[in-house]
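Student: Could you walk me through how to read a ligand site?

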Amino acid sequence: MADLSSTIAGIRSPNPFWLASAPPTDKLTNVVRAFKAGWGGVVWKTLGEDPPVVNVSSRYGAHLDTDRRLIGLNNIELISDRPLDVNLQEIIQVKRDFPDRAMVVSLMARMAEEAWAGLARKVEATGADGLELNLGCPHGMCERGMGSAIGQVPEMVEQVTRWVKNATRMPVIVKLTPNITNILWSAEAAKRAGADAVSLINTVNSIVAVDLDSMAPTPVVDGKGSHGGYCGPAVKPIALNMVAEIARNPDTRGLPISGIGGVTTWRDAAEFLALGATNVQVCTAAMTYGFKIVEDMIGGLSNWMDEKGYQTLDQLSGRAVCNVVNWNDLNMNFSTKAVIDPALCIDCGRCHIVCEDTSHQAIRIDQGEGRRVFTVVNEECVGCNLCSHICPVPDCITMVPEQNNLPYVTWPNDARNPMRVPEAAAE
Amino acid sequence: MTLIATLPTEDRPASPYADLTPPMTPVQALAESNRCLFCYDAPCVRACPTGIDIPAFIRSIATGNLKGAATTILSENIMGGTCGRVCPTETLCEQSCVRNRAEDRPVAIGRLQRHATDRLIDGEPAHPFPRAASTGKRVAVVGSGPAGLSCAHRLATLGHDVTVFEAKPKSGGLNEYGLAPYKMADDFAQREVAFILGVGGITVEHGRRLGADLSLEALRRDFDAVFLGLGLGGNNRLNIPGEERAGVEDATAFIERVRQAPPGQPPAVGRSVVVIGGGNTAIDAAIQAKRLGAEDVTLVYRRGRAQMGATPWEQELAQTEGVVLKTFAAPKDIGADGITFERTRLVDGTLAGTGETFTLQADMVLKAVGQKLSAEALDGLQLAGGKIAVDDAYRTTLAKVWAGGDCVGSGEDLTVQSVQDGKLAALSIHSHLSA
Ligand SMILES: Cc1cc2nc3c(=O)[nH]c(=O)nc-3n(C[C@H](O)[C@H](O)[C@H](O)COP(=O)(O)O)c2cc1C
Ligand code: SF4
Ligand code: SF4
Ligand code: SF4
């Protein structure tokens with residue numbers, strides 16, 4: 001059976017599934033329940049200087065599918081609203097009771113060395129395994145000069161990271177905000193300052209929905225709403241890209257990454273790992289289903305690794321990074337065509353109409369015995385994949401590469417490119 | 001025969017008039033509507049005699065646009081409420097649903113249809129289809145059943161003035177008098193009639209029967225067009241000894257009695273009831289007798305289950321309700337307290353008696369062996385196969401006279417087919433009147 005034990009920035013945990021800093025890790029009761037359920041580690045809900053913040057009532061908004069499945073969640077909560085000392089005492093107790101689990105504590109403070117250093121030293125005294133710097137919260141806290149207000153300025157990311165590194169011997173993970181132009185700038189800043197790892201993404205700035213009766217963004221607080229932080233399944237693609245950017249960029253390559261954003265299944269986790277993450281953090285999935293979901297995350301990842309022959313997470317981590325390239329490095333001569341399996345087809349006609357209305361008019365309908373037969377016209381099909389994605393039956397439409405025996409040619413070298421660099425290395 | 005139902009009241013349905021299939025809850029409708037794949041040129045639509053845009057209305061349910069869903073349904077089928085309740089969906093739209101192919105379970109189109117239309121019919125103050133400017137043309141519609149009302153409604157929206165002549169004291173035809181109460185609970189037929197008439201421009205005259213004070217000739221003279229939605233007034237007979245005995249009754253008459261009984265005072269049924277026939281009406285009557293407290297209800301059909309007009313789903317429903325199905329037995333003689341059958345079998349597709357007989361005890365016998373057109377007062381109209389002959393545009397052989405519904409041979413004798421006939425005949429009449 002695959003070994004799921006994981007180490008990031010020197011912090012060990014029995015499996016790579018941590019709970020992200022958020023309500024699931026807000027206090028002892030939750031964290032004990034999480035550890036009993038099997039989570040490998042937690043990042044404690046962000047702590048700040050006393051007095052604690054005060055939250056508003058009505059805090060979450062949701063992006064739901066028509067069948068009420070949660071696609072994304074948004075929140076306008078601030079950091080921990082409990083006294084610092086209460087949190088620290090609970091951290092001491094939980095770490096003592098669960099010594100094998102990772103206990104990382106998230107911090108946020110104003111742009112002042114004594115604030116960050118003071119918090120770091122207090123946490124170090126608890127016996128916690130490490131720190132995570134919350135430089136990402138895109139609502140509320142940023143209006144007080146914290147969270148994303150710091151994370152959006154690379155120089156400030158670097159400065160805060162240095163202050164904390166100087167104040168503690170604990171590993172420091174810098175949590176990055178996605179609400180920036182280029183994730184590499186803040187990742188490089190963290191690396192320059194000696195961060196032991198980065199974690200990403202924090203929530204995406206958003207208005208998740210509008211209450212059409214009160215005519216206000218949700219969550220509605222007495223008739224008004226504010227922008228909030230978006231997370232859950234919908235943000236996974238954004239997070240994957242940012243993780244991959246850091247993993248493949250020469251300046252940041254090798255910086256350990258804790259992958260966050262929409263992890264809901266073991267498969268999501270495997271994808272983050274493949275793109276270079278060392279472990280993953282989860283918030284929304286736990287807030288949607290409770291802590292028990294970690295069982296299938298662990299079991300599913302383990303079974304899949306066995307099936308694929310990966311014995312440790314190290315063997316898996318980063319396996320897909322070399323295949324993430326710029327568009328200009330793709331093979332212009334590659335061609336793939338949709339193929340429909342008539343035995344699996346249930347006759348819904350969706351592939352035809354989407355190709356007909358919105359793509360390349362490449363799916364023909366013939367009248368078969370009591371049902372329609374759908375066939376891809378190879379000459380028209382550009383291999384866009386649309387039909388294979390929208391077909392309701394798994395594996396009914398597959399994409400089959402053509403054997404055209406053409407060489408790998410990228411756009412810069414393609415004869416059709418008017419800006420083509422004349423090929424120096426022509427054979 | 002003495003009629004005393006004996007089934008312990010504890011084992012009877014709370015009300016024999018209650019919905020057999022309850023309406024969907026909003027949560028059920030949400031879950032079920034999300035199963036629809038929004039098919040292109042959907043097979044279910046092709047299987048609906050009225051061509052309702054099923055994926056469109058189901059998507060509207062899923063997005064919370066219930067009014068839009070109802071309007072989509074009613075624009076093709078003004079009796080979408082009744083059809084959602086009584087259509088044999090398992091042989092129509094739901095049989096064609098692509099969800100059957102991989103999952104063996106279609107989208108519950110009929111129940112969703114009821115869900116959408118109920119809300120509009122119960123709650124919407126304004127009629128969803130406004131009338132066009134008056135054309136000044138007057139159309140007579142004979143019969144206020146599904147064909148007649150569908151035709152009248154469509155004509156009214158197109159700006160014509162319609163007078164409906166109805167023999168019975170209430171409108172609705174079979175919806176009011178012929179469908180089992182458990183399909184049309186809470187007086188739905190009358191609520192639907194009120195909704196349909198809400199469009200305006202339709203006057204219903206009750207107690208007006210063709211052949212009594214009403215002649216086809218006069219109608220043709222006094223109106224710009226005439227539509228006949230007469231239904232099938234006559235019942236086939238068994239033509240066996242004892243058919244006139246007390247306790248022997250047409251199933252349609254029995255259902256009519258049940259439907260028209262004052263609430264809380266359903267008519268008495270026998271202890272042992274035998275229903276003869278194999279179609280919807282036979283099933284309706286058998287289930288209804290059972291729900292009213294009959295101890296034994298046996299439905300006897302002279303052919304096999306595969307040949308029954310009732311769908312397999314209906315047959316199973318009857319069995320679940322406690323009706324015993326007996327096949328390959330033809331009635332021979334009705335005695336004082338029993339009815340004698342001869343066993344039959346199919347020889348090369350033709351039914352043959354075997355000579356072997358058996359007797360079922362019965363204190364109530366319900367005959368459901370088919371209905372037929374009562375052809376009196378139809379002078380001058382050509383018939384075909386015992387029904388009024390019409391062309392593709394629902395024109396009869398008499399000028400200015402159209403016909404549709406069960407009295408013509410357009411398709412199966414189903415409510416939904418009658419609604420379609422009425423709608424298409426109205427469009428045909430309209431193009432004639434606008435020419
Ligand atoms: C209600 C709520 C509160 C959160 N509070 C914090 C916080 O205090 N500190 C922090 O670093 N991230 C916070 N987050 C962000 C999460 O830790 C995580 O980065 C984000 O939700 C993306 O992961 P997910 O898609 O698994 O939810 C919060 C998220 C939610 C939903
Ligand atoms: S989308 Fe899939 S199931 Fe539907 S018609 Fe096309 S191939 Fe068949
Ligand atoms: S891959 Fe794209 S172009 Fe080809 S058939 Fe499918 S939808 Fe059409
Ligand atoms: S066939 Fe079934 S899934 Fe397709 S549109 Fe009709 S109801 Fe929906």
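Predicted model: local features only at pLDDT ≥ 70, side-chain atom pairs only at ≥ 80, totals over all residues.

Tutor: Residues are numbered from 1 along each chain as its sequence is written, chains are lettered from A and ligands numbered from 1 in the order in which they are written, and side-chain values use heavy atoms, with hydrogens and water left out.

Student: How many residues surround ligand 1?

Tutor: A residue is near a molecule if one of its heavy atoms lies within 4 Å of it. Here 23 residues surround ligand 1, and Ser21(A), Thr46(A), Lys175(A), Gly262(A) and Thr284(A) are the closest.

Student: What is the make-up of that shell?

Tutor: Ala, Val, Leu, Ile, Met, Phe, Trp, Tyr, Cys and Pro count as nonpolar, Asp, Glu, Lys and Arg as charged, and the others, Gly among them, as polar. The shell around ligand 1 has 10 nonpolar, 10 polar and 3 charged residues.

Student: Which atoms of ligand 1 do Lys45(A), Asn134(A) and Ile201(A) approach?

Tutor: Look for pairs of N or O atoms within 3.5 Å. A polar side-chain atom of Lys45(A) lies 2.8 Å from an oxygen atom of ligand 1, while one of Asn134(A) lies 2.9 Å from a nitrogen atom of the ligand. From Ile201(A), a backbone N or O atom lies 3.1 Å from an oxygen atom of ligand 1.

Student: How much of ligand 1 does the protein cover?

Tutor: Using Shrake-Rupley accessible areas with a 1.4 Å probe, the protein covers 98% of the 610 Å² that ligand 1 has on its own.

How values were computed. Polar contact = N/O pair within 3.5 Å; in protein donor to acceptor, adjacent residues only side chain to side chain.
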